Amino acid sequence: MISRLYEQLLEMRISKGTLPGCIAIVLSSGDLFEEGLCRLKEMIEWSGSIGLSSLVLYINDTEPALCQKIADSLHSSPAQISLHTADEDLLTGLGGSLKVAVSLGYGGKREVTEAFRDLLREVEEGRLDPEHINEEAIESRLRFSQKPDLVIRAGGKQLSDFMIWQAAYSELYFTDVNWPRLRKIDFLRAIRDYQGRERRFGR
C-alpha cells in the first residue's frame with residue numbers, strides 16, 4: 001500500500017517536470033530469461049503510462065532464438081516496436097505513440113564502423129565528396145537515430161558501447177537493482193533524478 005502511494009507521488013512529481021525525449025536502458029546478458037522478459041513488457045507499459053515517446057533497450061545477447069521470442073512476447077504491447085540484430089530487423093507491437101527499439105548484441109562500435117564503411121563506399125563510387133563528411137552525414141548512416149537524454153544501466157556499474165555516438169551527452173543513471181527485479185518505482189526514481197539535474201551537454 002505504502003509502495004503504491006509512493007509510486008503515485010513520484011508519477012505526479014514527474015508529470016510536473018520535463019520528461020526525457022528518449023530513454024535508453026542497458027541490460028546484461030541473460031537478463032531476458034523468464035521474469036526478465038515479463039519486465040520488458042512492463043517497462044513498455046510504464047513508459048507509455050507516463051507519456052514517454054521513445055525507449056531504447058540494449059541486451060548484450062546474440063542468442064538466435066531470442067529475437068523471435070521477444071517479438072512473440074511483445075506482439076500485443078501498445079507501442080511501435082522494432083527489434084534489431086546484426087543481421088535483421090523485425091517489427092512488432094500494436095502501434096501507438098510510444099516508439100521502442102530493442103537491440104540484441106548490436107553494439108555501438110559496430111554501428112559506427114558500418115556507418116563509416118558506407119561513407120567510404122559512397123566516396124569510392126563518386127557519390128559523396130569527402131569534404132561533405134560531417135557529423136550530420138555520419139548520423140544519417142547510423143542505424144539508431146535516437147539521441148537518448150537519459151541512459152539507465154540496470155544492475156551494473158559499467159556501460160556497454162551501445163549508442164556511443166548518440167549518447168555522447170546523455171545523462172547516466174546506475175541502479176544496483178537487477179533487471180528482473182526492477183520495479184516501476186525504480187524506473188520513476190531514475191526519471192525524477194534526471195529532472196533534478198542541470199544538463200551541460202559536454203560543456
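## Terms and model

Contact means that heavy atoms lie within 4.5 Å. The model described here is predicted.

## The sheet

An open sheet is built from seven strands, arranged in the order β4-β3-β5-β2-β1-β6-β7 with mixed pairing. From one strand to the next, the twist averages 15°.

Within this sheet, strand β2 (residues 54–59) runs parallel to strand β5 (residues 99–104), and six bridges join the two. Opposite Tyr58 stands Ser103, a residue of β5.

## Helices across the sheet

Helix α6 (residues 184–195) lies across β1, β6 (150–154) and β7. Relative to β6, helix α6 runs at about 140°.

## Helix α1 and its two sides

Helix α1 comprises 14 residues, numbered 2–15. From its first C-alpha to its last, α1 reaches 20 Å, which is close to the 20 Å expected at 1.5 Å a residue.

Which residues of α1 are buried? They are Glu7, Leu10 and Ile14. These three cover an arc of only 60° around the axis, and therefore they lie on the same side of α1. An α-helix has 3.6 residues a turn, so residues three or four places apart point the same way. The buried residues of α1 pack against α6, whereas Ile2 and Ser15, on the other side of α1, are exposed.

Side chains of opposite charge can pair when their charged atoms come close. The structure holds 17 salt bridges. One of them joins the side chains of Glu11 and Lys184, with a distance of 3.1 Å from N to O. This pair links distant parts of the chain, since Glu11 belongs to helix α1 and Lys184 to helix α6, 173 residues apart. Lys184 counts as buried because its relative accessibility is 12%, and the limit for a buried residue is under 20%.

Asp89 and Arg143 also meet through their side chains in a salt bridge, at 3.1 Å from N to O. Asp89 is part of strand β4 and Arg143 is in the loop between α5 (135–139) and β6, so the pair ties together parts that are 54 residues apart in sequence. Both residues are partly exposed: the relative accessibility of Asp89 is 45%, and the relative accessible area of Arg143 is 28%.

## A network of charged residues

A further salt bridge forms between Glu171 and Arg199, whose closest N and O atoms are 3.9 Å apart. Because Glu171 lies in strand β7 and Arg199 in the segment after α6, the pair ties together parts that are 28 residues apart in sequence. Are these two residues buried or exposed? Glu171 and Arg199 are both buried.

Glu171 and Arg199 also belong to a network of salt bridges, in which they are linked with Asp149, Asp193 and Arg197.

Definitions and conventions. Residues are numbered from 1 along each chain as its sequence is written. This is a predicted model: local features need pLDDT of at least 70, side-chain atom pairs count only at pLDDT 80 or more; totals for chains, interfaces and linings use all residues. Side-chain values use heavy atoms; hydrogens and water are left out. Two strands pair if DSSP finds at least two bridges between them. Helices (H or I, at least four residues) and strands (E, at least two) are DSSP runs, numbered from the N terminus. Axes are lines fitted to C-alpha atoms, for helices over the stretch in contact, and angles run from 0 to 180 degrees between N-to-C directions. The expected span of a helix is 1.5 Å times one less than its number of residues. Buried means under 20% relative accessible area, exposed over 50%, partly exposed in between (1.4 Å probe, protein chains only). The arc is that of the directions from the helix axis to the C-beta atoms. A salt bridge is a side-chain nitrogen of Lys or Arg within 4 Å of a carboxyl oxygen of Asp or Glu.
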